[in-house]
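Hi everyone, thanks for coming. Let me put the sequence and the structure up, and then I'll walk you through some salt bridges and the nonpolar packing.

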Amino acid sequence: MTIVAEGTPAQERSAASRRARFMRPALGLILPVTLALVWEIVVRLGWSTGRLAPPPSVIFWTFVDLARTGELQRDTLVTLSRVAAGFALGAAVATIVGAATGYSPTLRRLLDPSLQALRAIPSIAWIPLFILWLGIFETSKVALIAVGVFFPVYLGVMGAILSVDRKIVEVGRTFRLSGPAMIRRILLPAVLPEYVVALRVGLGLGWMFVVAAELMGASEGLGYLLIDGQQLGKPAEIVAAIVAFAIVGKATDWLIALAAAPFLRWEDVVRHD
């Protein structure tokens, strides 16, 4: 007689949780993979030449060729280093200024109108000024990316501080928490969720601004790869650079969300899984 051992309910829940963690990211691939397959079929059936909009197979082999020469890895790392430096600089300054203006009404009335006016300036308008001030090398590129990152993080931090519920602050005062304890136990948990969202938005704008930054005389980077493909009439190279931007940008956004997750476990929110 054969006895079949069944898992405990806890083991079954754990296995179901692992399957769910795998399936949730996989669901996000359904739409792009489906569109890619449809376009591949359209080109192979001869309904389109695919000259200006290359099919996925051509883009794949373009990736292979760029990787074989080392150009893809070099350009990706150069762009990633520029975004990382600009993001670190812009987010750090924005956090300090946003916290100061959110905490102090006087500083907010003094600084916020000017910063809101500067926020309306298009990214491309900063390029001639940064070239004049900082030259065409890395400093001007990092500065432009930092400008793109600064404003969403600044607004997120200031808005998060201004929206802290007065009741929880009063609770902290009732328990006679010191200033550092009030910040650590009351203000930081209240501000952190919006701060993480602001960082993710700032990082997204950083990836947008890096393209404008790499128009400033760059000879390396994914933005340069875009321009090179345009000048040489290589649409597959242009699309490959765009796909590389999408992949690396999504990966960096995921890293921020992953790093912030342990600090947001206390949130009591509805999970639509």
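This is a predicted model: local features need pLDDT of at least 70, side-chain atom pairs count only at pLDDT 80 or more; totals for chains, interfaces and linings use all residues.

Residues are numbered from 1 along each chain as its sequence is written, and side-chain values use heavy atoms, with hydrogens and water left out.

OK, salt bridges. By that I mean a side-chain nitrogen of Lys or Arg within 4 Å of a carboxyl oxygen of Asp or Glu. How many does a search of the whole structure find? It turns up 6.

Let's start with Arg44 and Glu40, whose closest N and O atoms are 2.7 Å apart. Both sit in helix H2 (residues 30-44), and because they are 4 residues apart there, about one helical turn separates them. When I say helix, I mean a DSSP run of H or I with at least four residues, numbered from the N terminus. Arg44 is exposed at 64% relative accessibility, while Glu40 is buried at 13%.

Next up is Glu214 with Arg82, at 2.8 Å between the closest N and O atoms. Glu214 is in the loop between helix H9 (179-213) and helix H10 (222-231), and Arg82 is in helix H4 (residues 71-103), so this pair ties together parts that are 132 residues apart in sequence. Are these two buried or exposed? Glu214 is buried at 3%, and Arg82 is buried with a relative accessible area of 3%.

Then there's Asp253 and Arg200, a salt bridge at 2.9 Å, N to O. This one links distant parts of the chain, with Asp253 in helix H11 (residues 235-260) and Arg200 in helix H9, 53 residues apart. Asp253 is buried at 16%, but Arg200 is partly exposed at 34%. Going back to Arg82 and Glu214, salt bridges with shared partners join them and Glu138 into one network.

Now the packing. A nonpolar core here is a set of buried Ala, Val, Leu, Ile, Met, Phe, Trp, Tyr and Cys residues joined through side-chain atoms within 4.5 Å. The largest has 43 residues, and Phe87, Leu144 and Trp207 touch the most other members.

Conventions
Helices (H or I, at least four residues) and strands (E, at least two) are DSSP runs, numbered from the N terminus. Buried means under 20% relative accessible area, exposed over 50%, partly exposed in between (1.4 Å probe, protein chains only).
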